[in-house]
Amino acid sequence: MTDPSSFDDLDFATRAVRAGIERTPFGEHAEPLFLTSSFVFESAAQAAARFSGDEPGFVYSRFSNPTVKAFQDRLASLEDAEACLATASGMSAILATVLGLVKQGEHIVSSTGVFGATAQLFNLFGKYGVQTSYVPLTDISAWDAAIKPETRMMYLETPSNPLTEIADLSAISEVARRHGVTLVVDNCFSTPALQRPLQQGADVVIHSATKYIDGQGRVLGGAILGSEQLINDTLLPVMRTTGPSLSAFNAWVLLKGLETLQIRMERQCASALEVARWLEEQPQVRRVHYPGLASHPQHALAKRQQSAGGAIVAFELQGDDDETARANAWRVIDGCKVLSITGNLGDVKSTITHPASTTHQRIGPAARKAAGIGEGLVRLAVGLEGASDICADLARGLSA
Ligand SMILES: Cc1ncc(COP(=O)(O)O)c(C=O)c1O
């Protein structure tokens with residue numbers, strides 16, 4: 001089966017291992033890896049037709065490669081998207097989207113709670129005449145009020161990094177539709193295994209495939225998903241000329257990651273819930289942020305919108321002032337012996353991070369304060385180890 005529409009009626013699990021496969025005449029079973037920078041033509045006339053787009057076919061791997069296409073088709077099928085454009089990283093997916101959608105003099109509205117580098121990228125665009133306003137993710141009237149005549153894009157993550165706040169996608173997409181603004185959702189934390197934002201009113205979905213899509217901390221990758229018109233007519237030309245393309249090798253690794261995405265997410269979410277419940281009982285912990293807990297402010301919304309709470313748990317340590325809170329957070333992190341101290345998330349190996357001094361360091365204290373990222377906050381990305389071992393390691397950290 002090679003026609004993407006022939007997968008529409010199949011289960012998510014089936015599409016995750018089958019969609020996008022186009023077998024070569026050799027009859028290989030696994031997805032072929034096309035490590036080639038360019039493709040040869042039968043004649044000069046054919047080369048001209050391929051370059052102009054009059055004849056379909058592969059030309060040059062900066063913008064067309066069969067392994068990358070297989071990854072794009074599979075992810076599009078899983079996100080219920082018409083089309084997908086793979087990129088070298090999550091950040092290059094966001095960069096290409098802004099370059100394609102927004103021009104000088106225009107405006108972006110973003111939630112305050114986004115990944116640090118995303119906010120820095122939006123701020124960088126200020127230099128080119130694109131301004132960004134930040135609003136609290138959960139305040140629908142603030143989204144509405146921030147829209148100006150020149151607003152072209154609304155941007156959010158749900159759940160957000162690192163506080164796991166949940167955006168009401170149907171309410172925010174209604175605001176976007178009313179103002180004729182494109183709503184872009186970073187679906188990195190949930191992945192299509194837990195939620196499909198395009199079905200809930202978003203126009204564009206962004207991925208850092210580096211995270212759960214790879215799932216084993218091996219390669220960088222990203223993706224943009226949306227209508228065929230947006231992807232092929234607006235964003236593909238940006239990719240073609242600017243070049244932040246996904247390599248064929250990384251696409252192959254990510255195809256393999258998609259095959260196990262659902263079962264990894266199910267298991268990692270179940271463990272995350274167990275760890276979050278355990279953390280709530282620890283006296284050194286002031287607050288746990290996890291959408292699967294009844295104490296999460298948008299727990300009911302999360303239950304409606306996602307099939308599970310995700311695998312990211314953030315927790316705040318006690319501490320009367322910033323200095324004490326940071327010292328407590330670092331002591332817990334340093335006291336863990338199994339969890340990896342690293343900025344990545346989405347790996348089968350659990351990771352532990354202090355957002356204020358790492359992933360969100362460069363946005364500065366004022367932006368951190370606005371986003372609610374305190375010095376006592378620790379972010380845990382729960383992997384596939386036994387949940388009881390993760391709790392035991394955290395207990396070691398908490399008693400350090
Ligand atoms: C929510 C989110 N979006 C985007 C990115 C950027 O992705 P990449 O590191 O693949 O460029 C990250 C990275 O941590 C992230 O957490």
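Here are a few questions and answers about the predicted model above. Residues are numbered from 1 along each chain as its sequence is written. Local features need pLDDT of at least 70, side-chain atom pairs count only at pLDDT 80 or more, and totals for chains, interfaces and linings use all residues.

Reader: At what angle do α4 and α9 pack?

Author: Okay, packed helices are described by the angle between their axes and the distance between the axes. The axes are lines fitted to C-alpha atoms over the stretch in contact, with angles from 0 to 180 degrees between N-to-C directions. For helix α4 (residues 90-101) and helix α9 (residues 228-242), the axes are 9 Å apart and the angle is about 115 degrees.

Reader: Where does Thr164 lie, and is it buried or exposed?

Author: Thr164 isn't a glycine, yet its phi is positive, about 55 degrees. Its place is the loop between β4 and α7. A residue is buried with 20 or more other C-beta atoms within 10 Å of its own, exposed with 12 or fewer, and partly exposed in between, the C-beta atoms being placed from the backbone. Thr164 has 28 such neighbours inside 10 Å, so it counts as buried.

Conventions
Helices (H or I, at least four residues) and strands (E, at least two) are DSSP runs, numbered from the N terminus.
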